[in-house]
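Visitor: I have a model to look at and some terms I do not fully follow. Could we go through them one at a time?

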Amino acid sequence: MSDDSKNHLLQTLANLAVRDYLRPIIIDHKGLKAFLDALRDNRNTEGQRIAAKGLVNLTAGKRDIRLTVISEIAEEIKALYRNELDPVVGAYIQTMIHPNNK
């Protein structure tokens, strides 16, 4: 599958993750894995950005899911603090780590 196709699918999933009632369905159907895989694909920066946005949407208001995701992205968080991540991806991860900072 091309990066463009993956990105369109990820964008659709990220948009759906805004809805509370769809979050469990997305997680049950490996949406979380799809976001994590895309976040780790260094060849597709746009896909990483969309995946990070999707993770923020998926974890919004759900502490248990947010903590699960944060534990899964420990290496990405370390890369964030070493300034090795794309700035947009880093901003989304910061939002997830510190959801109440404004």
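Visitor: Where is the place of K30?

Guide: This is a predicted model. In it, K30 sits in the loop between α2 (23-28) and α3.

Visitor: What makes K30 exposed?

Guide: The relative accessible area of K30 is 61%. Exposed means over 50%, so K30 is exposed.

Visitor: What is the phi of K30?

Guide: Phi of K30 is positive, about 65°, although K30 is not a glycine. Most residues other than glycine have a negative phi.

Visitor: Which loop holds N83, and why does N83 count as exposed?

Guide: N83 is in the loop between α6 and α7. Its relative accessibility is 70%, and the cut-off for exposed is over 50%, so N83 counts as exposed. N83 also has a positive phi, near 65°, and is a residue other than glycine.

Visitor: Why are α1 and α4 called roughly parallel?

Guide: Helix α1 (residues 3-16) and helix α4 (residues 45-59) pack at an angle of about 15°. Angles under 35 degrees count as roughly parallel, and α1 and α4 are therefore roughly parallel to each other. Their axes are 8 Å apart, and the crossing of the two helices is left-handed.

Visitor: Which residues in α1 and α4 meet?

Guide: From α1 there are N7, L10, Q11, A14 and N15, and from α4 there are E46, G47, I50, K53, G54 and N57. This contact divides into three nonpolar, six polar and two charged residues.

Visitor: Why does Q11 count as partly exposed?

Guide: Q11, in helix α1, has a relative accessibility of 25%. Buried means under 20% and exposed means over 50%, with partly exposed in between, so Q11 counts as partly exposed. Leaving aside neighbours within four places in sequence, Q11 is in contact with I50 and K53. The C-alpha atoms of Q11 and G47 are separated by 8.6 Å, although the two residues are 36 residues apart along the chain.

Visitor: What makes T45 partly exposed?

Guide: T45 is in helix α4, and its relative accessibility is 34%. T45 and V88 are 43 residues apart in sequence, and 9.5 Å apart in space from C-alpha to C-alpha.

Visitor: Why is Q48 called buried?

Guide: Q48 has a relative accessible area of 8%. Buried means under 20%, so Q48 is buried. Its place is in helix α4. Not counting residues up to four places away in sequence, Q48 touches A38, L39, R40, D41, N42 and V89.

Visitor: Which residues touch the most other members of the largest nonpolar core?

Guide: The core has 26 residues, and F35, L39, L55, V69, I73 and I93 touch the most other members. At least two residues of this core come from each of α1, α3 (31-39), α4, α5 (63-72), α6 (74-81) and α7 (87-97). The largest share, six residues, comes from α4. As for I73, not counting residues up to four places away in sequence, I73 touches L36, L39, R40, I93 and M96.

Visitor: At what angle do α6 and α7 pack?

Guide: The angle is about 115°, with the axes of α6 and α7 10 Å apart. Their crossing is left-handed. E76, I77, L80 and Y81 in α6 meet G90, I93, Q94 and I97 in α7. These residues divide into five nonpolar, two polar and one charged.

Note on methods:
Residues numbered from 1 in each chain as written. Predicted model: local features only at pLDDT ≥ 70, side-chain atom pairs only at ≥ 80, totals over all residues. Heavy atoms only, no water. Axes fitted to C-alpha atoms, helices over the stretch in contact; angles between N-to-C directions. Helix = DSSP H or I, 4+ residues; strand = E, 2+ residues; numbered from the N terminus. Parallel < 35°, antiparallel > 145°, perpendicular 65-115°, else oblique. Left-handed = near helix turned anticlockwise from the far one by under 90°. Contact = heavy atoms within 4.5 Å. Nonpolar A, V, L, I, M, F, W, Y, C, P; charged D, E, K, R; others polar. Core = buried A, V, L, I, M, F, W, Y, C linked by side-chain atoms within 4.5 Å. Buried < 20%, exposed > 50% of the residue type's maximum accessible area, 1.4 Å probe, protein only.
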